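Biologist: I would like a close look at a single part of this protein, with the terms spelled out as you go.

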Amino acid sequence: MAHFAKIDDNNLVIASTIVADSDCNNGDEAAGVAYLTNLTGWSKWKKYDPDSPLCQIGGTWVPETGEFKPKSPIENGVWDDTEKRWKDPADGDLKPTDPI
């Protein structure tokens, strides 16, 4: 099984789906995108690791880095590319009580 995120024209993740190995050449991204494009008429899909918390609906696909960025859990959060997480711009870190 391969997991794919549906990406809109602004690179936002708007949906996700699973494709059987038999429909995507055992997880091949290009084959999966071709299958989903043929099935749905939508051509912007990216394969993702289902164990990664970075790909989520409402998050963003960043073509420049080839990575997903989750939606910020706080208003005006600052993304840390090194740590791959959001930080509070006021103190540089999210507090345990901040909503996620």
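Which residues do ring pairs link into a cluster?

Modeller: This is a predicted model, in which local features need pLDDT of at least 70 and side-chain atom pairs count only at pLDDT 80 or more, while totals for chains, interfaces and linings use all residues. Residues are numbered from 1 along each chain as its sequence is written, and side-chain values use heavy atoms, with hydrogens and water left out.

The cluster joined by ring pairs consists of Tyr48, Trp61 and Phe68; rings of Phe, Tyr and Trp (its six-membered ring) pair if their centres lie within 6.5 Å, and planes under 30 degrees apart count as stacked, over 60 as edge-to-face and the rest as tilted. The structure holds three aromatic pairs, one of which is edge-to-face between Tyr48 and Phe68, at 6.3 Å centre to centre and with 80° between the planes. This pair links distant parts of the chain, since Tyr48 belongs to strand β3 (residues 45–48) and Phe68 to strand β5 (residues 67–69), 20 residues apart; strands (E, at least two residues) are DSSP runs numbered from the N terminus.

Tyr48 counts as buried because its relative accessibility is 15%, and Phe68 is likewise buried, with a relative accessible area of 10%, where buried means under 20% relative accessible area (1.4 Å probe, protein chains only). Tyr48, Trp61 and Phe68 are among the ten residues of the largest nonpolar core, which also includes Ile7 and Val13; such a core is a set of buried Ala, Val, Leu, Ile, Met, Phe, Trp, Tyr and Cys residues joined through side-chain atoms within 4.5 Å.

Definitions and conventions. Buried means under 20% relative accessible area, exposed over 50%, partly exposed in between (1.4 Å probe, protein chains only). Helices (H or I, at least four residues) and strands (E, at least two) are DSSP runs, numbered from the N terminus.
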